Amino acid sequence: MGFWRKNGVGLVWAAVLAAASIALARLPVLQNWGIGALTVAIVVGMVLGNSVFVRVAASAGAGVDFARTRLLRAGIVLYGFRITFSQIAQVGWTGVLIDAVMLSATFLLACYLGKRLQMDEDTAMLIGAGASVCGAAAVMGAEPVVKADAHKTAVAVATVVVFGTVAMFAYPLLYPWLGMNEHAYGLYVGSTVHEVAQVVVAGNAISESAAAVAVIEKMLRVMLLAPFLLVLGAWLSRRRPDTHGGKHRIALPWFVLGFIAVAGLNSLQWLPTAWVEMLVQIDTFILAMAMAALGLRTQAAAVRQAGAKPLLLAAMLAVFLLVGGYAVNVGLVALMS
């Protein structure tokens with residue numbers, strides 16, 4: 001009873017906004033633009049967070065914070081029901097290698113450029129995670145590992161929305177000049193475009209077969225989220241050590257292990273398809289609650305304080321994904337064939 005007394009109002013706020021965001025994301029105009037429920041949720045949350053929510057923040061704040069932390073991690077665990085280990089085999093070792101190279105190179109470049117731009121390190125890493133792995137879901141997954149403030153996470157998600165949307169339209173327009181067949185184009189899109197929804201749109205603009213390859217390649221990138229967060233947590237524990245008796249502790253996020261376990265369970269196909277679909281819908285709702293809560297806790301003044309540097313960094317990463325990603329795809333496909 002004490003839990004609901006403390007968190008109930010905030011959780012209701014997050015749940016209502018999540019439901020509204022999922023409904024809005026089904027509008028044809030938003031579907032055509034590849035804008036999903038998570039993106040809508042954080043935008044709606046940010047609008048209300050800087051207006052109506054200010055008046056009730058005192059009573060709803062605890063529940064909102066619970067949604068953007070605990071529920072977020074639960075949502076990352078359930079995200080494993082969207083993929084199976086067998087999807088790796090469908091794109092072959094070439095697809096695995098392309099994703100691994102692009103993830104590593106993009107994130108390391110984000111850290112390097114962020115330092116050169118004299119940016120806040122947390123923001124640079126969150127932007128790098130979103131660009132290199134799987135958009136908003138990767139940003140949300142990295143937030144508790146990096147231990148970043150809410151407004152930094154919101155800034156990183158915003159860059160995913162902006163440059164992922166640009167990529168969604170740019171790739172199909174460039175296709176006639178890429179010299180790629182549909183399979184190669186699918187690998188290229190799946191390994192470089194930010195969000196799953198954006199990958200679907202960019203692939204379908206060419207053909208259904210290109211979209212199928214792109215989605216498989218993209219889901220492989222999603223699967224790399226777990227090892228990415230484990231490595232990131234170990235790396236940060238050495239750079240930002242918690243000292244207890246002079247020893248370093250490696251932070252092991254429990255939700256990463258949960259994500260791997262759920263993906264493994266999903267790969268075994270023990271659960272009926274209807275159950276898995278229901279769990280995916282539940283997960284979308286939970287993540288939408290987390291994103292809405294994140295938006296509610298994001299103050300415009302804090303985002304403005306971040307300045308133009310996050311957008312500049314995200315723009316440079318988008319160019320690298322487009323140009324460098326093309327070079328990596330062409331080179332590795334030629335090498336592995």
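Mentor: Helices (H or I, at least four residues) and strands (E, at least two) are DSSP runs, numbered from the N terminus. The model is predicted, so local features need pLDDT of at least 70 and side-chain atom pairs count only at pLDDT 80 or more, whereas totals for chains, interfaces and linings use all residues. Residues are numbered from 1 along each chain as its sequence is written, and side-chain values use heavy atoms, with hydrogens and water left out.

Trainee: In which loop does Q269 lie?

Mentor: Most residues other than glycine have a negative phi. Q269 has a positive phi, near 55°. Because its relative accessibility is 64%, Q269 counts as exposed (over 50% relative accessible area; buried is under 20% and partly exposed lies in between, with a 1.4 Å probe and protein chains only). Its place is the loop between α13 (254–268) and α14.

Trainee: What is the relative accessible area of K147?

Mentor: K147 is found in the loop between α7 (136–146) and α8 (150–174). Its phi is positive, near 65°, in a residue other than glycine. K147 is exposed, with a relative accessible area of 63%.

Trainee: Is T94 buried or exposed?

Mentor: T94 lies in helix α5. Not counting residues up to four places away in sequence, T94 touches L332, V333 and M336. At a relative accessible area of 18%, T94 is buried.

Trainee: How far apart are the end C-alpha atoms of residues 310–336?

Mentor: The UniProt record, an unreviewed entry, places the feature "transmembrane region" at several spans, including 95–113 and 310–336; its positions are given in the numbering used here, feature names are shortened, and annotations may be inferred rather than shown by experiment. Residues 95–113 are 100% helix and 0% strand, with end C-alpha atoms 26 Å apart. Residues 310–336 are likewise 100% helix and 0% strand, and their end C-alpha atoms are separated by 36 Å.

Trainee: Which element gives the most to the lining of the largest pocket?

Mentor: A pocket is an open set of points on a 1 Å grid over the protein atoms alone, where a 1.4 Å probe fits, with protein on both sides within 12 Å along at least five of seven lines; lining residues have an atom within 4 Å of a point. The largest pocket is lined by 24 residues, with G36, A37, R82, A197 and T284 nearest its centre. The elements that give two or more residues to this lining are α1 (2–25), α2 (28–32), α3 (37–49), α10 (196–204) and α14 (273–296). With five residues, the element that gives the most is α10.

Trainee: How many disulfides does a search of the whole structure find?

Mentor: A disulfide is a pair of cysteine sulfur atoms within 2.5 Å. The sulfur of C111 has its closest cysteine sulfur in C134, 16 Å away and therefore too far for a bond. C134 is itself buried, with a relative accessible area of 2%. Over the whole structure, the number of disulfides found is zero.

How values were computed: Contact means heavy atoms within 4.5 Å.
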